[in-house]
Each structure stands twice: as C-alpha cells, then as structure tokens.
Amino acid sequence: AQARIGLIGLGTMGAALALNIAEKGFPIAVWNRTTAVTRAFAAGAGALAERIVPTETLADLVAAIAPPRAIILMVPAGQAVDDQLAALAPLLDADDLVIDAGNADFHDTSRRNAAGLPFRFLGMGVSGGEEGARHGPAIMGGGDVADWARVADVMTAIAARAEDGTPCAARMGDAGAGHFVKMVHNGIEYADMQMIAEVYGLLRDGMGLDAAAISRTFAAWNEGALKSYLIEISAIVTAAADPHTGRPMVDMILDRAGQKGTGRWTAIEAQHLSAPIPVIEAAVMARNVSARLDERLAGQALFGPAPQPCALAPDTLELALIAGKILCYAQGFAMIRAASERFGWTLDLPEIARVWRAGCIIRSAMLNDMAAALAADPSRNLIMAPFFADLIETAMPALRQVVSQGAAAGHALPALASGLMWFDGMRTGRGTANLIQAQRDFFGAHGFQRIDGLDDPHGPWAGTV
Ligand code: 6PG
C-alpha cells in the first residue's frame, strides 16, 4: 500500500513530525537530501518503522505516496523552500499538495501561492519545538479550504489537545494566513520571554535572590494565573545545576540572546500595518541590546553598573507580569485583527486563541479566558473585555509600581515599561498629538482637524519664521 502522506527534510522538527504522523496510524514516506540521514531515521524508528517508507530519490518519494499526494516540507525557510518546490514541480500532478511546515515568512507563502505553482500549496505554522512536533504541536494552516480539508484528518490527529479535548490545529485563512499567525505567535513568545526575564532580573539583581529561590518563585506562579509553559520551563531551567561547576546553570550562560528573525518580522510587519505592538518591539530591541555585550560592558565602565537593589514583593511582581502579559496579548490580537482587514483574511481571533491553548510555546491557562473574551466580541480590544478589564484594574497598580521602582533603581525593563506606556496611552482621551499636528501644519501646512468641528485646517502661523 502507498503512504498516506510524504515528508521532506528529516532535521529535528521534520523527524519528530514524521514519527508523530506514523504513531497516529498514517503510513508516511520520507526523504532527506542526505540519504544517510534518511536511513538513520528509519533505522531508529523502532516499532513505528513499519509505517515509515524511507526513500532515496525525490522520484521514489513521489511514487511512494498515494495520489492525489500530500507532501510536507520541513526545510529551512527561504531559498531552500523555493529550491525544493522547483525540484518537485516536474514530478507532481496538478492536484498534488505541498505543505510548507517551516517557519516561512508569510509574504513568501503568499507569493508562492500566487506564483501559479503547478500543484496545490498550503503554508502551515507549527509550534511547540521538537517535543511538540513529536507528541502534539499547535498547527496553524493557511491556504484553500479544500486543500486544508484533504489533510485536516492528519493534522488534527497529530496536534496537541486542549484540556477540553479540542485539537489545536485549524485553518487560519488563505495563503499566508497560517504563517502570519505563527509569526505573531513567535512575536508574543519573544515578549512573554522578555517580560519573564525582566522580572527574573528584578528578583536576582533587585532582591538578591539566588537561582534556586527564583525557581521556587516561578514554580509557585505556575500554580496561579500565570500558569504556562514558559513559566514552567523558567522554573525548571533556574533549578538546574551546571554539570561542570555545580553552580546554577543559568548563572553560567552568557547573557546574549540569539534569534532567527520571526520576532523581528512581527515588529516590522506591525509597522506596515500601523498596529501598535510595543511590548513585542521592546522584546526584539532587548535581544538586540543583549547581543552587544562589548558595548554594554563599555557602558557599564563609563556610567556605572545599572541594576541597584530594589525591594519588591514577589506578589507584586507576579501581578505586574499578569498585567504585562494581558497587554502584550491584547496588542498581538489587535495586530492580527489589523492584518485580517488589510489582507482580507477574515481571521477568527477566538479560534486562534483556542489553537494556542496547547502544544505551542506560548500555551497558557490564560488563553482559555482570552478565547472566551474574544468570542464574546472579536472586534473589541482584549483589554476592554470585562474579564480582562477587571484583571487589569487589579494588576495595573503592581505593573506601575514595578516599572517605576525598577526604573528608579536602574533596571532595564523595556517590555514591561512599554506595556505600561501603551496602556496609559490607550486610556488618554485627550493626548498630545494636537501639538504634533500644529508642528506639522507649521512646517508643512499639513492641516489639522479642530475640536469644535469648524472647517479651518490651518493655524495662524503662516510666515511667522
Ligand atoms: C515554536 C518556536 C520556534 C522558534 C524557536 C526559536 O513555536 O516552536 O517559536 O518556531 O523557531 O523557538 O526562535 P528564535 O531562535 O527566533 O528565538
């Protein structure tokens, strides 16, 4: 019998996904550019090997799959995807389906869809790292309804399940919509991680806690409103000891963050959409600052070390993190809403929140409540939904205290602070852009609207300089 589906690219994620698919009962044909990798994969598949068809050429792969074929691509985003699509083109029929499951730039996915490929094409965001891919990722599909329907059985079978049993796999919308939603997921991932790291800094440098005590704090928070994968793993990594020195592992790791670009894409795309996502932007900025270790050391030598002792109760920090998290997600969902309008995607915000409830890196208890709040009114900013408005009322004083006390003590808190600034901007009925408009009118006669509705769009300053 022929395989139900094929997979190209047996790197960490591809191999895990292939095993997951086989385990759920679907025979799968696999191919890797390096044949030795394919052979080693099949040899290491154990009992699942009976559902795995290793192939050594692309033509063999195609021949091994039952038509109309479906083939998952798990190769590095960018040129490698285009090269693979070009290599497949002469081998596939018009109704065969290729699914790009890498972290593609959604613009590339939309372009590939529009480019008239000689076969069907889906872009699919997959989150959850290796563990997720192996045992249940969150899956965000993009492309035609009929194409998604052809593989929906496989995708829902391999996806994570939310607590209520719903599979965390869905079609988000046309073409690039799946990769777009995955990109925003990653932007939120950056922001969640950065806010946790900022609070970690306050615990470590402000309050002088050691890694073990910080771990206990995170573990306690993981029992409450902050319950989430990222808090859970923060508790785990801060508890780990370095096998070389016996010291806390985190204390031995250089404070220079890597990044592969999806957070940066989110920030850039938000600018194109005029969507304010300052918490995510701050998180990307903070990774860039972290990378400039030499400059930071020079800055410390010149201006003196930044973080000073700063006494804050752990409960206050927990509440601040709750507030920051709500603000960040509110911004992320608002960005998705803006993209939906711009690209004509009709993205389903509550559905996105539901898909993110399990399997993905940003999975958390709070996403249940977010899904409910968005379902009640998808067009309303999340901070205005009654449940979250109440939570924000409770938590905002803590965020304000943490940011102001932390700033006074020289702690860099870019993500938490930009959340607070955005929030205050969002509740300022009379802001200061009237001055910006006056300046613009002064130097460029750009005009303004008057508060009294009178139609006189220019100020009396013509010729005053
Ligand atoms: C996921 C993650 C994943 C991402 C890595 C690292 O959802 O599984 O978002 O897709 O690539 O976590 O991303 P950075 O290297 O940019 O931190």
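1. Domains. The chain splits into domain 1 (5-175), domain 2 (183-426) and domain 3 (430-465); these bounds come from an automatic or database domain assignment. The centres of domain 2 and domain 3, taken over C-alpha atoms, are 38 Å apart.

2. Basis. This is a predicted model: local features need pLDDT of at least 70, side-chain atom pairs count only at pLDDT 80 or more, and totals for chains, interfaces and linings use all residues. Residues are numbered from 1 along each chain as its sequence is written.

3. Annotation. An unreviewed UniProt entry places "domain: 6-phosphogluconate dehydrogenase C-terminal" at residues 178-462. UniProt positions follow the numbering used here, feature names are shortened, and annotations may be inferred rather than shown by experiment. Over residues 178-462 the chain is 64% helix and 0% strand. The end C-alpha atoms of that stretch lie 51 Å apart. Helices (H or I, at least four residues) and strands (E, at least two) are DSSP runs, numbered from the N terminus.

4. Ligand site. The shell around the ligand takes residues from both domain 1 (5-175) and domain 2 (183-426), so the ligand lies between them. There are 13 residues around the ligand, and Ser127, Asn186, Gln259, Lys260 and Ile361 come nearest. Helix H8 (177-206) and H11 are the elements that give two or more residues to this shell. A residue is near a molecule if its C-beta atom, placed from the backbone, lies within 6 Å of it.

5. By class, the shell has two nonpolar, nine polar and two charged residues. Here Ala, Val, Leu, Ile, Met, Phe, Trp, Tyr, Cys and Pro count as nonpolar, Asp, Glu, Lys and Arg as charged, and the others, Gly among them, as polar.

6. Helix H1. Residues 12-23 form H1, with twelve residues. From first C-alpha to last, H1 reaches 17 Å, close to the 16 Å expected at 1.5 Å a residue (1.5 Å times one less than the number of residues). Ten of the twelve residues are buried, including Met13, Leu17 and Ile21. Buried means 20 or more other C-beta atoms within 10 Å of the residue's own, exposed 12 or fewer, and partly exposed in between, with C-beta atoms placed from the backbone. Gly25 follows H1 and has a positive phi, near 100 degrees.

7. Arg256. This residue sits in the loop between helix H10 (229-239) and helix H11 (262-272). Arg256 counts as exposed because it has 12 C-beta neighbours inside 10 Å. Leaving out residues up to four places away in sequence, Arg256 touches Ser290, Ala291 and Leu293 (contact: C-beta atoms, placed from the backbone, within 7 Å). Arg256 and Gly25 are 231 residues apart in sequence and 42 Å apart in space, C-alpha to C-alpha.

Definitions and conventions
Two residues are in contact if their C-beta atoms, placed from the backbone, lie within 7 Å.
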